[in-house]
Amino acid sequence: MDQYIIKGGKSLAGEVSIGGAKNAALAILAAAVMSDEVVTIENIPDVRDINVLLEAIEDIGVKISRTDAHTVKVMGCRLNSVNVDSDSVRKIRGSYYLLGALLGKYKTAQVALPGGCNIGSRPIDQHIKGFEALGAQVKIQHGLIKAQAEKLKGNHIYLDLISVGATINIMLAATLAEGQTIIENSAKEPHVVDVANFLNSMGANIKGAGTDVIRIKGVEKLHGSTYSIIPDQIEAGTFMLAAAATKGDVLIKNVIPKHLEAITAKLVEMGAEVEEFDDAVRVVATKKLGHTQVKTLAYPGFPTDMQPQITTVLAISSGTSIVTESIFENRFKYVDELTKMGASIKVEGNTAIIDGVSELTGAIVSAPDLRAGAALVIAGLAADGITTVEQVEYIERGYENFEKKMLELGAMMAKIDSSNEKAIRKFKLKVG
Ligand code: EPZ
């Protein structure tokens, strides 16, 4: 099994370029099968979750051709099955977007219940409520979600809670329903807007994405399109916090600074300098950062996907900080790993109370999920000595060339198979 071995203590410096947004790409790839014409999608991140979804789409007969690592052409007309089920597809969350896409187009779909990171219970009742409101019958049987309708008819849907997945899934199905659908209390995340823009580029009629009321006028069919995915807000935020944790100076390029405002505001409160450019942000941290309070919220609030990374930086900032996780109830599992590195964090329910320590020290830790894994790498980069981060496959679900990008910023780290003792010894000798 691959692991990252990191020699900490080096300030990150230089430039890093951010890839396309994984969570937008998952939905956009699913949406692309709704057209019978060729759809070209650019700026797709080359990460594991995306590749699993692409395989699932190919398994149902859709022809996918990869022009380069970040561009795919999707030919939805070749589809020959609406049954999406395989071991790998059960492990990712984004596969559930095929339910909305196939239901919208073929009025029937069967998709394996989604997996994804184990960060708490992840019900799909709001997705089902939305599909039923559009006229579908939805059943869960033998690990599959089965949705079927004679026809889909627009409706007024009020989401009981803000859900990115339910907002997008209902938007997909409603795009090809008869009449108008109004989704109230919808999620406003940048990737919800990106999916709406993509659907509109194929001829959909969606207004209001990015606000809490989305209006969709159903259309008969979608045509081909060429579309480029927005930059990944969470990858960008992760590098911003890695720069802050290592007292670094990093220019993070190819971002939309507006999407990063919640993260920027917290870093500035903690004492870092953040300079915004048209499509880049520069984070400079020259001194020890200070404490703050963070509560994760739906966009434009502080993203839950950045919670482990900011908690890690607060663990080595001065004073006592409080981080409240209000989206997923089980997203503090990495705290035990940070404790092995000397962090002083007490978790009570959905709140972490963090007493900043003067430094972390290297240890062997294991990534419990994607974002927590990235946070442990940040901890290792800032820590004194050598840190081994196990289970890097979680990190590779959502970060492309993570260690390569860190190396270009001057980090001392390597990805080495845990059985390759010779390579591990060599790395340790090299970094001293
Ligand atoms: C998406 O998950 C992302 N995943 C997550 O990113 C992200 O953490 C999350 O949105 C919040 O921003 C993908 O896009 C593939 P939700 P999703 O529906 O859609 C509850 C990452 O690291 N809920 O917005 O599953 C739910 O339990 C991943 O990239 C219901 O109760 O999140 C949660 O408490 C991890 N019923 C809250 O809503 C439902 O039907 C928000 O979930 C749906 C959700």
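Modeller: Happy to! The largest cavity has a volume of about 70 Å³. This is a predicted model, in which local features need pLDDT of at least 70 and side-chain atom pairs pLDDT 80 or more, while totals for chains, interfaces and linings use all residues. Residues are numbered from 1 along each chain as its sequence is written, and side-chain values use heavy atoms, without hydrogens or water.

A word on terms: on a 1 Å grid over the protein atoms alone, a cavity is a set of points where a 1.4 Å probe fits but cannot get out, whereas a pocket is an open set with protein on both sides within 12 Å along at least five of seven lines; lining residues have an atom within 4 Å of a point. Points are joined across faces, edges and corners, and a volume is the space filled by probe spheres set on them.

Among the residues lining the largest cavity are Ala-21, Lys-22, Pro-190, His-191, Ile-230, Pro-231 and Arg-371. Helix 1, helix 6 (190-201) and helix 7 each give at least two lining residues; helices are DSSP runs of H or I with at least four residues, strands are E runs of at least two, and both are numbered from the N terminus. The lining has 5 nonpolar, 3 polar and 3 charged residues, where Ala, Val, Leu, Ile, Met, Phe, Trp, Tyr, Cys and Pro count as nonpolar, Asp, Glu, Lys and Arg as charged, and the others, Gly among them, as polar. Because domain 1 (2-19 + 231-431) and domain 2 (22-228) both contribute to its lining, the largest cavity lies between them; the domain bounds come from an automatic or database assignment.

The structure holds 2 cavities of 30 Å³ or more.

Now to the open spaces. The largest pocket holds about 1,000 Å³ and is lined by 43 residues, with Arg-122, Val-164, Gly-165, Ile-327 and Phe-328 nearest its centre. Helix 1 (22-32), helix 4 (125-133), helix 5 (164-175), helix 7 (233-245) and helix 11 (370-382) each supply at least two of its lining residues. The largest pocket also lies between the domains, because domain 1 and domain 2 both give residues to its lining.

The second largest pocket has about 270 Å³ of space. It is lined by 20 residues, and Ala-245, Thr-246, Lys-247, Ile-316 and Ala-382 are the closest to its centre. Helix 7 and helix 11 give two or more residues each to that lining.

Then there is the ligand. For polar contacts with it, the cut-off is a pair of N or O atoms within 3.5 Å. A ligand oxygen lies 2.7 Å from a polar backbone atom of Val-164, and one lies 2.6 Å from a side-chain N or O atom of Tyr-96. For Asp-305, the distance from a ligand oxygen to a side-chain N or O atom is 2.5 Å. The protein buries 91% of the 840 Å² that the ligand exposes when taken alone, by the Shrake-Rupley method with a 1.4 Å probe.

Methods:
Polar contact = N/O pair within 3.5 Å; in protein donor to acceptor, adjacent residues only side chain to side chain.
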